[in-house]
Amino acid sequence: MKPVLKSKMADEEGDYFPPTPRKGWSIGLMKFVSLLVVFMAGAVLGLSVSAHFHKYFSSQADLFFPRTLYTATCDRDCMSIKSFVNPSHLMHAMTDDKLFWRATMVPKMEDYPFERVPKVAFMFLTRGPLPFVRLWDKFFKGHEGLYSVYVHALPDYKLNVSEDSAFYGRQIPSLEVSWGSVTLVDAEKRLLANALLDFSNERFVLLSESCIPIYNFPAVYEYLINSHHSFVESYDEDSLQGRGRYRRGMSPHIKLYQWRKGSEWFELNRELAVTIVADYKYYAIFRKYCKPSCYPDEHYIPTYLNMFHGSLNANRSLTWVDWSRGGPHPARYGASNVTPEFIQALRNNGTFCMYNSRPTSICFLFARKFAPNALEPLLNLTSTVMGF
């Protein structure tokens, strides 16, 4: 009798375990692999969807709280009401469309959930250096909390001022600007929009690098904050430089009798600043039809306010300028022109205007156009003539 051979599957005590059929083992392995594949696919899909929603909601949140604007030194208070109503950092990555949308949000509640002291936003539109920074710093000194400064320069220009200057860190994200084109209007709206992000800014003054103040800060502040009107020059001029710049393609939305001209250097209250930034319909018409030789910066805001908000406008500029010499640019004044008598003549030039429906001899708060070499003579006159 032949001995019975034990299988390799026998245990130490000789019990026999029949081998698992090879086919059944293969089916089990395939099921395991299938389940593993399904699990991994689900995990990948879940992570993808999660990342998509995170990116979407983060991009939407950036419109309200841009990370580069509000979180430069972010801590647990970076989403506080203070950061929202008074951003301390001006640089951000918002496009103009996003910036304008964000800037034109108007609270429905009349009361503020924080202590609001109305401020004046001084907005400087320049190509490069600001030669009168020292003069303006002297003007602003001692009045912190009552003003804000914004500078729109060429994109690659970096303003070089000391850390104790009112202009330090006050450049806004900018784009290229060409004289006589609609890009000047773009820059004006960009300045207004960035200034509107600070809910305490109540008045908005547009200035150039050649502008100077001719009164001290308290006088300028009280004049603007207490005014019932905004100050935008807007008049009808029947000439080639006035009605001659109107384009027929603007009709019927803008008609010839509505067309107005005025100085680019305006002053607006918050209500009108929001309205100007929010307008797209009439801005788009100017962008399409008001090409060079039309000069949209001299016509867009004057025409728009004349059409819809004339009663809120004093219809004059607060910036004195001398056009008596003719030509496309006003007279320019240098060091030899700056005397006590000249500055006094600017302050009291014999003209009368209306302020809050009453006549006044104080019609101009600023003046242009001054050459850089006028700085030192002007600094010598601040305390004796201009009062600061």
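**Cysteines, cores and a loop residue**

Author: C211 is buried, with a relative accessible area of 0%. Please note that this is a predicted model.

Reader: How many disulfides does the structure hold?

Author: The structure holds two disulfides. One of them joins C290 to C294, with an S to S distance of 1.9 Å. The other joins C353 to C363, where the S to S distance is 2.2 Å.

Reader: Are C290 and C294 buried or exposed?

Author: C290 is buried at a relative accessible area of 2%, and C294 is buried at 0%.

Reader: What is the handedness of the link of C290 and C294?

Author: The link of C290 and C294 is left-handed, with -95° about the S-S bond. The link of C353 and C363 is left-handed as well, with -110° about the S-S bond.

Reader: Which parts does the pair C353 and C363 tie together?

Author: C353 lies in strand β7 (residues 353-355), whereas C363 lies in the loop between β8 (358-360) and β9 (366-367), so the pair ties together parts that are 10 residues apart in sequence. Both C353 and C363 are buried.

Reader: Changing topic: which residues of the largest nonpolar core touch the most other members?

Author: That core has 53 residues, and F122, W136, F140, F167, F370 and L378 touch the most other members. Helix α12 (residues 375-386) supplies the largest share of this core, six residues.

Reader: What does L378 touch, leaving aside residues up to four places away in sequence?

Author: On that basis, L378 touches F132, L135, I212, V338, I343, F370 and M386.

Reader: Which residues does the second, separate core include?

Author: The second core has 47 residues, among them V182, A193, L197 and Y304. As a general point, nonpolar side chains tend to be buried together in soluble globular proteins.

Reader: Now to Q171: where is its place?

Author: Q171 is in the loop between β2 (147-152) and α6 (183-196).

Reader: Is Q171 buried or exposed?

Author: Q171 has a relative accessible area of 16%, so it counts as buried, the cut-off being under 20%.

Reader: Which backbone atoms does the side chain of Q171 reach?

Author: The side chain of Q171 reaches the backbone oxygen of Y157 at 3.0 Å and the backbone nitrogen of L159 at 2.6 Å. Not counting residues up to four places away in sequence, Q171 touches L90, M91, V151, A153, Y157, K158 and L159.

Conventions. Residues are numbered from 1 along each chain as its sequence is written. This is a predicted model: local features need pLDDT of at least 70, side-chain atom pairs count only at pLDDT 80 or more; totals for chains, interfaces and linings use all residues. Side-chain values use heavy atoms; hydrogens and water are left out. A nonpolar core is a set of buried Ala, Val, Leu, Ile, Met, Phe, Trp, Tyr and Cys residues joined through side-chain atoms within 4.5 Å. Buried means under 20% relative accessible area, exposed over 50%, partly exposed in between (1.4 Å probe, protein chains only). Helices (H or I, at least four residues) and strands (E, at least two) are DSSP runs, numbered from the N terminus. Contact means heavy atoms within 4.5 Å. A polar contact is a pair of N or O atoms within 3.5 Å; within protein, one must be able to donate a hydrogen and the other to accept it, and residues adjacent in sequence count only if both atoms are side-chain atoms. A disulfide is a pair of cysteine sulfur atoms within 2.5 Å.
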